[in-house]
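Subject: Structure handover

Hello,

I am passing on to you the structure we talked about, and below it I have written out what was found. Please keep it open beside this email while you read.

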Amino acid sequence: MQQEYAIDDRDFRKIVELVMNTAGIVLSDRKRPFVQSRLGRRLRALGMTDFRQYCRLLEAPAGEAERSNLINAITTNHTSFFREPHHFSYLANAILPKLATSEAGQSRRLRIWSAGCSTGEEPYTIAMTLREHQSALRDWDVKILATDLDTNVVAHAAEGIYDSDRLGSVPPSYRERFVTELDEDRSRMNDEIRSLISFAPLNLLQKWPMQGPFDVIFCRNVVIYFDKPTQRKLFDRYADILKPTGSLFIGHSESLLNVTDRFDLVGRTIYRRVK
Ligand SMILES: C[S@@+](CC[C@H](N)C(=O)[O-])C[C@H]1O[C@@H](n2cnc3c(N)ncnc32)[C@H](O)[C@@H]1O
């Protein structure tokens, strides 16, 4: 039987503070069993006997790699292909045709950011949607940036290999066109789709190396773990890096109400920059 490690108040507070300061993720007291179980695996991997020893490592200069492992262990990476499918319909049927005929579209340049991309299902869904509707984008320079703070999920995403049963939500015609079966259990996104996306680790709370401007940002199911001041700062930065009428998609349980007035709601969890 696997050993269960108990975490006392002092060590729990330390971890809560470290996670908040590093990733902006708020861990309430209710999350204590979750923290104990997720980090219990790290303690076992390190051959440690208790959380006190683990916290000492986190605080030491030599603990940098483990601080990253801690964040990777705490993040919730749940995602799927075509999650919240109305966003992709809106991208294809409202944003692309409008861009193609607008003055902004004369540059024939489209930049989309999937911020908090997890294992890549979101940016690959964006890429498939763009390819499927490429007649609106003939000869366009199209690039998708996909970033996440969790280095493990970014590596998985960049590989583009998925258990075949995860592809159930991809329409069969898309699967046929954009995905190759590697064997009975695994499939890989085709080069045509992978070449549209650049994957990179990025903590949204830190400095962003890219300048934009982006036409569209997907930041879905990421800020639910952030407190309001952190959300406010982040959405302000999104407005700054978007084009003046750029679009922002957020998750089904998220809202910008009382967070920022720089966006107008234009559809279900779909916003347009106005300021
Ligand atoms: C639940 S997943 C959402 C994935 C995808 N956007 C979707 O909606 O299906 C949330 C992702 O946000 C990432 N995340 C959390 N805090 C972050 C931060 N401070 N910077 C960048 N990514 C972060 C997590 O690592 C996780 O992969």
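In α2, the residues Phe 34, Val 35, Arg 38, Leu 39, Arg 42 and Leu 46 meet Glu 66, Asn 69, Leu 70, Ala 73 and Ile 74 of α4. Sorted by type, the residues of this contact are seven nonpolar, one polar and three charged. Please bear in mind throughout that this is a predicted model.

Two packed helices are described by the angle between their axes and the distance between the axes. For helix α2 (residues 32-46) and helix α4 (residues 64-74), the axes come within 10 Å and cross at roughly 140 degrees, which makes α2 oblique to α4. The crossing of these two helices, α2 and α4, is right-handed.

A second pair of helices is α1 (residues 9-23) and α3 (residues 51-59), which pack at an angle of about 35 degrees with their axes 10 Å apart, and here the crossing is left-handed. On the α1 side the contact is made by Arg 10, Asp 11, Lys 14, Ile 15 and Leu 18, and on the α3 side by Phe 51, Arg 52, Tyr 54, Cys 55, Leu 58 and Glu 59. These residues of the contact of α1 with α3 divide into six nonpolar, no polar and five charged.

Turning to the chain as a whole, there are 10 helices and 10 strands. The radius of gyration of the chain is 20 Å, close to the 19 Å that the globule rule gives for 275 residues, so the chain is as compact as a globular protein of that length. Of those 275 residues, 48% count as buried. If you take the contacts between residues at least 6 apart in sequence, 73% of them join residues at least 24 apart.

Met 128, in helix α6 (residues 121-132), is buried, with a relative accessible area of 0%. Leaving aside neighbours within four places in sequence, Met 128 is in contact with Phe 81, Phe 82, Val 170, Tyr 174, Phe 178, Met 189 and Ile 193. One of these, Phe 82, is 46 residues from Met 128 along the chain, while their C-alpha atoms are separated by 10.0 Å. Lys 243, in strand β8 (residues 242-250), is buried as well, with a relative accessible area of 15%, and the residues in contact with Lys 243, leaving aside those within four places in sequence, are Arg 109, Pro 213, Phe 214, Asp 215 and Arg 273.

Finally, some details of the backbone deserve a look. Most residues other than glycine have a negative phi, and most peptide bonds are trans. The peptide bond from Gly 212 to Pro 213, however, is cis, with omega near -5 degrees, and Pro 213 has its place in the loop between β6 and β7. Asp 139, in the loop between α6 and β2, has a positive phi, near 65 degrees, as does Thr 269, with phi near 55 degrees, in the loop between β9 and β10. Are these two residues buried or exposed? Asp 139 counts as exposed, at 66% relative accessibility, whereas Thr 269 is buried, with a relative accessible area of 12%.

Best wishes

Methods. Residues are numbered from 1 along each chain as its sequence is written. This is a predicted model: local features need pLDDT of at least 70, side-chain atom pairs count only at pLDDT 80 or more; totals for chains, interfaces and linings use all residues. Side-chain values use heavy atoms; hydrogens and water are left out. Axes are lines fitted to C-alpha atoms, for helices over the stretch in contact, and angles run from 0 to 180 degrees between N-to-C directions. Helices (H or I, at least four residues) and strands (E, at least two) are DSSP runs, numbered from the N terminus. Angles under 35 degrees count as roughly parallel, over 145 as roughly antiparallel, 65 to 115 as roughly perpendicular and the rest as oblique. A crossing is left-handed if the near helix is turned anticlockwise from the far one by less than a right angle, and right-handed if clockwise. Contact means heavy atoms within 4.5 Å. Ala, Val, Leu, Ile, Met, Phe, Trp, Tyr, Cys and Pro count as nonpolar, Asp, Glu, Lys and Arg as charged, and the others, Gly among them, as polar. The radius of gyration is taken over C-alpha atoms; the globule rule is 2.2 Å times the number of residues to the power 0.38. Buried means under 20% relative accessible area, exposed over 50%, partly exposed in between (1.4 Å probe, protein chains only).
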